Amino acid sequence: MAEKLIIKAFGMVAEEIGQSEIWLDSVSDTQELLAILKERYPGLEGMKFSLAVDKELVSENQKIDGAREVALLPPFSGG
Amino acid sequence: MDRFERQVILRELGPEGQTKLQNASVLLIGLGGLGCPILNYLAAAGVGKIGLVDGDLVSISNLNRQTLYGENHVGELKTDVASRIISKKYSDIKLEVYPFFLTPKNAFEVISQYDLVIDGTDNFPTRYLVNDVCFLLHKPLVFGAIFRHEGQVSVFDLGENSCNYRDLFPDPPSSLEVPNCSETGVLGVLPGLIGTLMATETIKVITGYAEALRNRVLFFDSKTYQQYFLDLKPNAVARNLIPKTQKELEQLDYEFLCSGIQIASWEEGLKSPKVQWLDVRESHEMPKLNLENLIEIPISEFYDLNQVQFNSDQVFVYCQSGIRSQKAAVKLKEKFPQKEFISIRGGVNAYPKN
């Protein structure tokens, strides 16, 4: 039984989700994760953010079996 | 005893570090919430030459966070006020002012005169422009950005195999998608904290005082003080998006890149059902096209778009060569954020012949 996965959200993504951390049951890959999140939080659709699995950026679909943490990282423009 | 005594006695800095600071030349882009603390601390630390870039004037709503300025400065150029204040405080700094905004046409000339660049700007077009120029010129770039109560800090282009902003966020997001401080609100202390971290990184890079945030990004939350460190790796796909040469970069429209406007070919537009066509050429420009559901609004009449109505959610915009239609689409998107505007590549010159 895989352990739970923590999703850390930042900036506008955290605002859309309503909190900066949520826990999910095991998810097989990043594509599945995004699908789950976008279904729960439709405002994420069309939002630009990078995705890091255990602190490493991923650019294509990647397995997250066994990973502990996924971060959803949007760009900030303010200064 | 001199004004640097308290830092020179730091073992990691020493007189050598102080000499490095005095010999350094740093370009600070943006004199807003981040720029104010950065300038204060770098000037206090004894950085020998500082260039100040900002085309903006001080406004009353800046004063909660831009602590160099006061009520008596409202309406003055930020570069003027900042350079006056700093040169009055310290006689040993050489300040250069650039009272304008960076563009693809002027960025190389300004940036190439400095050893290190600091991005304290407040918009994506300039952030991507500064990133791309620093990448091409191999200039170390201290990066920082804020959103509500959070901040990001990193150092780019520091030696071989060093990452840059595109490795973190390859494509510019739409400016409409990510609001800035003026739209979302910010406590003045947040840019104070993040700007101070950026000044710290700058001193690290110049003196080697400690290891800078190279190939790492710090995400900082001022509400909880939580920190998240991300490791960066060079991303070949993202790097392909950076123009290859100065000449190529100078042709780019960064405002457009960050507008979220798509570009499509005539073929793509013509096969889409239920679209609206918009010709933004002036009335004398020929040939006219015979398209279904076409309206004409010359760019010269864009000052008043209040009467305009579109009968489709998807509007394909064209001009003679595909340049003006990009600018038109950006303006229209600001006015009608719910509609999708697509600029036709090549304009009427590229219209299929048969």
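**Notes on the predicted model**

1. Arg6(B) is exposed, with a relative accessible area of 67%, where exposed means over 50%, buried under 20% and partly exposed in between (1.4 Å probe, protein chains only). Its side chain meets that of Glu5(B) in a salt bridge of 3.4 Å, N to O; a salt bridge is a side-chain nitrogen of Lys or Arg within 4 Å of a carboxyl oxygen of Asp or Glu. Glu5(B) is partly exposed, at 26%.

2. On conventions: this is a predicted model, in which local features need pLDDT of at least 70 and side-chain atom pairs count only at pLDDT 80 or more, while totals for chains, interfaces and linings use all residues. Residues are numbered from 1 along each chain as its sequence is written, chains are lettered from A and ligands numbered from 1 in the order in which they are written, and side-chain values use heavy atoms, with hydrogens and water left out.

3. A second salt bridge to note joins the side chains of Arg239(B) and Asp167(B), at 2.7 Å, N to O. The pair links distant parts of the chain, 72 residues apart: Arg239(B) belongs to helix α10 (residues 236–239) of chain B and Asp167(B) to helix α7 of chain B; helices here are DSSP runs (H or I, at least four residues) and strands likewise (E, at least two), numbered from the N terminus. Arg239(B) is partly exposed at 22% relative accessibility, whereas Asp167(B) is buried at 3%.

4. In chain A, the side chains of Glu69(A) and Lys55(A) form a salt bridge of 3.4 Å, N to O. Glu69(A) lies in strand β5 (residues 69–73) of chain A and Lys55(A) in the loop between β3 (50–53) and β4 (56–58) of chain A, so the pair ties together parts 14 residues apart in sequence. Glu69(A) is buried, at 12%, and Lys55(A) is partly exposed, at 29%.

5. Turning to the interface, 37 residues of chain B are in contact with 24 residues of chain A, contact meaning heavy atoms within 4.5 Å. The area buried between the two chains is about 2500 Å², with carbon and sulfur atoms giving 57%; buried area is the accessible area (1.4 Å probe) that two parts lose on being put together, summed over both. The rule finds 2 salt bridges across this interface. The side chains of Glu56(A) and Lys233(B) also meet in a salt bridge, at 2.8 Å, N to O.
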